[in-house]
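I opened this notebook to keep track of what I looked up in one structure.

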Amino acid sequence: MQKDPSLNVLGTDLRPCSQDPLTGFFRDGACNTCAEDQGSHTVCAVMTAEFLAYSKYVGNDLSTPRPEFGFSGLLPGDRWCLCAARFLQAYGEGCAPKVHLDATHVRALDIVPLDFLKASAATES
C-alpha cells in the first residue's frame with residue numbers, strides 16, 4: 001500500500017496523533033491514509049464520554065476492549081484517528097470530539113469542510 005503524502009489540513013507536515021493507544025490506518029501513530037483506506041481514518045480526534053457513547057449507539061463501539069484484535073478500547077482523553085464520515089456525522093448531531101488540526105490528514109477535507117474541523121479544534125496540539 002502506498003501512503004498518500006503526509007500533509008495536514010493546515011498544509012504542513014502531518015504531526016503524530018497517538019502512540020498510546022497506537023492509532024492510524026497503518027497503526028503508525030499518525031492519521032496517514034491511502035487508496036485502500038475505505039473509511040478515511042484521517043481525523044485526529046480526542047475522545048469524550050459523549051462521543052464514545054454516540055459512536056457505540058450508531059454501531060461503532062470504540063470503548064469496549066477487543067483483545068482478539070489487539071484493541072484495548074478507548075477512554076475519554078485518548079486521541080484516535082477517526083473516520084472522517086463519522087466525525088462529520090457526529091458534528092451534525094452536535095457531539096463531535098475535539099480535533100488536532102496539525103495531526104488531521106489533508107484527505108479529511110474530501111469529506112469534512114475545514115470550517116467544521118476548525119470549529120472543533122482542540123486548544124493544544
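The entries below go from the whole chain down to single residues.

**Entry 1: ground rules**

I am reading a predicted model, where local features need pLDDT of at least 70, side-chain atom pairs count only at pLDDT 80 or more, and totals for chains, interfaces and linings use all residues. Residues are numbered from 1 along each chain as its sequence is written, and side-chain values use heavy atoms, with hydrogens and water left out.

**Entry 2: the whole chain**

I began with the secondary structure. I found three helices and three strands in the protein chain. Helices (H or I, at least four residues) and strands (E, at least two) are DSSP runs, numbered from the N terminus. Along the sequence I read the pattern β-α-β-α-β-α. The radius of gyration is 13 Å, close to the 14 Å that the globule rule gives for 125 residues, so the chain is as compact as a globular protein of that length. That radius is taken over C-alpha atoms, and the globule rule is 2.2 Å times the number of residues to the power 0.38.

I then looked at the box around the C-alpha atoms. Along the principal axes it is roughly 35 × 30 × 25 Å.

Next came burial. Of the 125 residues in the protein chain, 42% are buried. Buried means under 20% relative accessible area, exposed over 50%, and partly exposed in between (1.4 Å probe, protein chains only). I noted an accessible surface of about 6600 Å² for the protein chain, with 52% of it belonging to carbon and sulfur atoms. Accessible areas come from the Shrake-Rupley method with a 1.4 Å probe; for residues, only the protein chains shown count as cover.

I also looked up contacts, meaning heavy atoms within 4.5 Å. Among contacts with a separation of 6 or more, 65% join residues 24 or more positions apart.

**Entry 3: salt bridges**

How many salt bridges does the structure hold? I noted four. A salt bridge here is a side-chain nitrogen of Lys or Arg within 4 Å of a carboxyl oxygen of Asp or Glu.

I looked at Arg107 and Asp4. Their closest N and O atoms are 2.6 Å apart. Arg107 lies in the loop between β3 (98–99) and α3 (114–119), and Asp4 in the segment before β1 (41–46), so the pair ties together parts that are 103 residues apart in sequence. Arg107 is partly exposed at 36% relative accessible area. Asp4 is buried at 16%.

Arg107 also meets Asp110 in a salt bridge, at 2.6 Å from N to O. Asp110 is exposed, with 53% relative accessible area. Shared partners join Asp4, Arg107 and Asp110 into one network.

I then turned to Glu68 and Arg66. In this salt bridge the closest N and O atoms are 2.7 Å apart. Glu68 is exposed at 53%. Arg66 is partly exposed at 37%.

Which residues does a cis peptide bond join? I found Asp20 and Pro21, with omega about 5°. Pro21 sits in the segment before β1.

I checked phi next. Arg27 is not a glycine, yet its phi is positive, about 50°. Arg27 lies in the segment before β1 and is partly exposed at 44%. Ser40 has a positive phi near 50° and is likewise a residue other than glycine. Ser40 is placed in the segment before β1 and is buried at 10%.

Is Ser55 buried or exposed? I found Ser55 buried, at 0% relative accessibility. Ser55 is in helix α1 (residues 49–57). Beyond its neighbours within four places in sequence, Ser55 contacts Asn60, Asp61, Leu62 and Arg86.

Ser120 is buried at 6%. Not counting residues up to four places away in sequence, Ser120 touches Phe87, Tyr91, Ala96, Pro97, Lys98 and Val99.
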